[in-house]
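Please have the model open while I talk.

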Amino acid sequence: MLEVSAIWTAHVQQQNYRALLDAISHPGRVKSILHQQGGLASLAVLATLLDAEVSLADPDDLLEAEDWPLLQASAAAPGEADYILCRGNRAARFQPKLGSLPSPERSATLIIYVDSLHRGELKLSLKGPGVNGNADCSIAGLDPDWIRRREEWVCGYPLGVDLLLVDDSAVLALPRTTKVEVA
Amino acid sequence: MAYVAIKGGGQAIEGSKAVLEYLRTRQGARARPLQADTIENQLRLLHGRVLSEGGVYHPRLASLAIKQAQGDSLEASFILRAYRSTVPRLAETELLDSRKMRITRRISSAFKDIPGGQMLGATTDYHLRLMRMELLNESPEQFRAISGEWFKNLNVDEIPDTFPKVLEQLRKDGLLAPLDEQRGQQSPFDITREPLIFPVSRSAALATMARGEQGSLLAIAYSNMRGYGDVHPTVAELRVGYLPVLLPHPITGQPMEVGEVELTECEVVAMYEADGEGGKPLFTLGYGACFGHNEVKAISMAILDRSLQNGIQHGPRNPSEDPEFVLLHVDGIESMGFCTHYKMPHYVTFQSDMDRLRATQAKQ
Amino acid sequence: MILAQQFGFLDEYAKKEIRRTSLKAVAIPGYQVPYSSREMPMGRGFGTGGLQLTLALIGAGEVLKVIDQGSDDSVNAVNLRSFIEMTCPGVGTTRVTGEADLIQSRHRIPEKPLREDQLLVLQVPYPDPLVVVEASEEKRKQLHGEADYSRLLVKLYEDIVKFDEITISHRYPTRINDHYVIDPSPIPRWDVPKLHMSKALVLLGAGREKKIYAVPPYTKAEPLAFEDKPFRVEAFLDEQGRRRACARCGCDNSFLDEYVDSNSGEQVYRCSDADWCDEQLARQTAAEVIYG
């Protein structure tokens, strides 16, 4: 009997979408993601968002070969991809697409796999839309270089990229509008 | 305040449904409900129009939609289009070759005779629009006898299955640019899956017009014909018939025929232009095609395809050359929906309008 | 032939596209993100954009409120609510603003301030405020990208020269997060300040024009105005210059509907927000019980 994980079902994807929507509406807020036991929460995030209409890059080979047909997304180089899955503990080695002035949505969403969204050495202070005053977060397994590179990517607003930091079970979003300071 | 009674909106809607249903059945004691087959066959042109504007080739559901909508072609197309939203896109067809069309009619106004011959087929073009009073009292026997007799006098074996294209001759003679084989390999723009963001590809424009509303396409194309534009088309070929549809076999992946769709296709040739690369000037082309037998739509679309290409090349000089103007206003489901919405309550915004008018009046 | 319909009417691919689009909309506040927008079984212009958002958002166990003109019983609200009830088993509905997880609305934002855990979906007929000064969408997209709203401001200024008032009554152009100017949907000016630093996320859906945009929580939303001609909400003053109150509940700080009573022939003012009116009335009754 072939078993398909619940992350591919409509009901779970609806709930994970709402977690993502809540996360991106409140940058810095950590939201649980329903995921397979022992599986990656990042796969559940991709399962929620992707289909054949979009492209995905996996430069750090975080996906298994059998995930691709289920995700249905076409494979693309990081510079071309709509979604990029990558490791947080390595510095960014690509230039994602940032969109254009008339169409800033034609930009990449990065799903960055980190060790933990709860306790970590990298302390960030956030401001901007969705944040009531200030929000603090501390992340483990995110190379500080990501924050510097992100700064370059989002400085030409409305062009930019949106980051989803994902650990084993939860997500935290840094949309392009968030002002991030390393504390 | 009748239509926002403090309570009772729900009751009013139920009542409205009931009276609409009464009107559908009001014919009374002698009445027989319309059968889907009857609609498909006896109202075949309306049926084709709904297939085309609904954008789903589902003859039986198109009949049902016409029955449900009590013959309103916009409503019927709308019902069919809404059904489409609930079904996923499972596969893409091969590039279909309209040379393989099983022809029921094909004409060219560009030449006296064409390879394969002019086939007038079913058309009202040369009929006198006089009332045929005898049809008011047509008996079922008379009715059935007509179709029964018709095939008897016909030698079906003599009719070829397919016909060559008139454009092939023009290409051979160097009057028209050669067929760009590579373009056939490009994947088409799917207007049901992607929003139109201007500038749009020709494929997106053609797809939008293919399910556009006949009257809207005609009105804008007519403006070009009358002088708000200068396409001056000649119908190189208009063909109507059944086109085989190929899908990849689920296991072997080889293309296999899964059925056929009735299609009207029109190719117009228009004013010649220099090719811009120092070559000889060539005629330009406009293309139109739609589900069902609908020549006015296919010709209007072909003219608009040409005028839009003119607009893209030289900048729009009139409405029919402006891609945004044409493509955002020809969809019947969108335009009728928005027109209808003005009947909904708008009293909050009107309250706001009154506030502004009173404030302005007070100052003057 | 029976056509089975799945939860939420739309196929899952359609929902995914709306979900991706809405996340982009939140990430780029006020920017109109294009999407393909499927046909719904009700007319374009009847709230199909809002409805597609609601169907992509909602899950079993959630509670929905649908309003049109502030009323849960307006024909269009009834129609949308019963469609969602039919296609989304397990979803509850309410008329009480405070009980709703999700509120879909046409032309009004509830008077009762929304909470962080609530979400407002607004139905939008015309998403682009620049359409009055620029017909071409291609050019408008460029102007939005550059946040160039000078022509819109000139238009407002011309109004003032002509009428000594800004004549825009509803759909008041509102600048989000210091960049994009949005059409906040045909809400009255009364409701525009509710968008500013709102605790709840506001998603706006234009089905016919195929756009989704958002005002995220805790985000600036500022109506365009001039220093000497400030933005003003509807006044509701009587001949003596006093603020009118609702004839039913007595509330004098809500948006009012004005109509002629078909029995008495008199001009009547009542709360437009039906649930707010009920709540004010219930509060008074409770007060009468305690103090009466």
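This is a predicted model: local features need pLDDT of at least 70, side-chain atom pairs count only at pLDDT 80 or more; totals for chains, interfaces and linings use all residues.

In chain C, strand β1 (residues 33-34) is joined by two bridges to β9(C), and the two run antiparallel; strands here are DSSP runs of E with at least two residues, helices are runs of H or I with at least four, both numbered from the N terminus, and two strands count as paired if DSSP finds at least two bridges between them. Residues are numbered from 1 along each chain as its sequence is written, and chains are lettered from A and ligands numbered from 1 in the order in which they are written.

Back to the strand, then. Within β9(C), Ile212(C) is the bridge partner of Val33(C), and Ala214(C) is the bridge partner of Leu203(C). Strand β8 (residues 201-206) of chain C pairs with β9(C) in the antiparallel sense over five bridges, and these two strands form a hairpin with four residues between them, where Lys210(C) in the turn has a positive phi of about 60°.

Is β9(C) buried or exposed? Five of the five residues of this strand, residues 211-215, are buried, so it is largely enclosed by the rest of the structure; by buried I mean that 20 or more other C-beta atoms, placed from the backbone, lie within 10 Å of the residue's own, whereas exposed means 12 or fewer and partly exposed means in between. In a regular strand the side chains alternate between the two faces of the sheet. In β9(C), Lys211(C), Tyr213(C) and Val215(C) point one way and Ile212(C) and Ala214(C) the other, and all are buried.

For contrast, look at Pro193(C), which sits in the loop between β7 (181-182) and β8 of chain C. Pro193(C) has 16 C-beta neighbours inside 10 Å and therefore counts as partly exposed, and its C-alpha atom is separated by 9.6 Å from that of Thr174(C), 19 residues apart along the chain.

Taking chain C as a whole, we find six helices and twelve strands. The radius of gyration of chain C, taken over C-alpha atoms, is 20 Å, close to the 19 Å that the globule rule gives for 292 residues, so chain C is as compact as a globular protein of that length; the rule itself is 2.2 Å times the number of residues to the power 0.38. Of those 292 residues, 55% count as buried.

Let me turn to chain B, which has 13 helices and four strands, and in which buried residues make up 34% of the 364 residues. An automatic or database domain assignment gives chain B domain 1 (2-84) and domain 2 (98-124 + 132-338), with 28 Å between their centres, taken over C-alpha atoms. In all, 14 residues of domain 1 of chain B are in contact with 14 residues of domain 2 of chain B, contact meaning that two C-beta atoms, placed from the backbone, lie within 7 Å. On the domain 1 side, α3 (44-54) and α5 (73-84) of chain B are the elements that give two or more residues, and α3(B) provides the largest share, eight residues.

Where chain B touches chain C, the contact takes 44 residues from chain B and 51 residues from chain C. The elements of chain B that give two or more residues to that side are α1 (9-24), α5, α12 (332-341) and α13 (347-363), and the largest share, eleven residues, comes from α13(B).

Finally, chain A. All nine residues of helix α2 (residues 41-49) of chain A are buried, so this helix is largely enclosed by the rest of the structure. One of them, Val45(A), is also among the residues that touch the most other members of the largest nonpolar core, which has 116 residues; such a core is a set of buried Ala, Val, Leu, Ile, Met, Phe, Trp, Tyr and Cys residues joined through C-beta atoms within 7 Å. A second, separate core of 58 residues includes Leu74(B), Leu196(B), Leu218(B) and Leu304(B).
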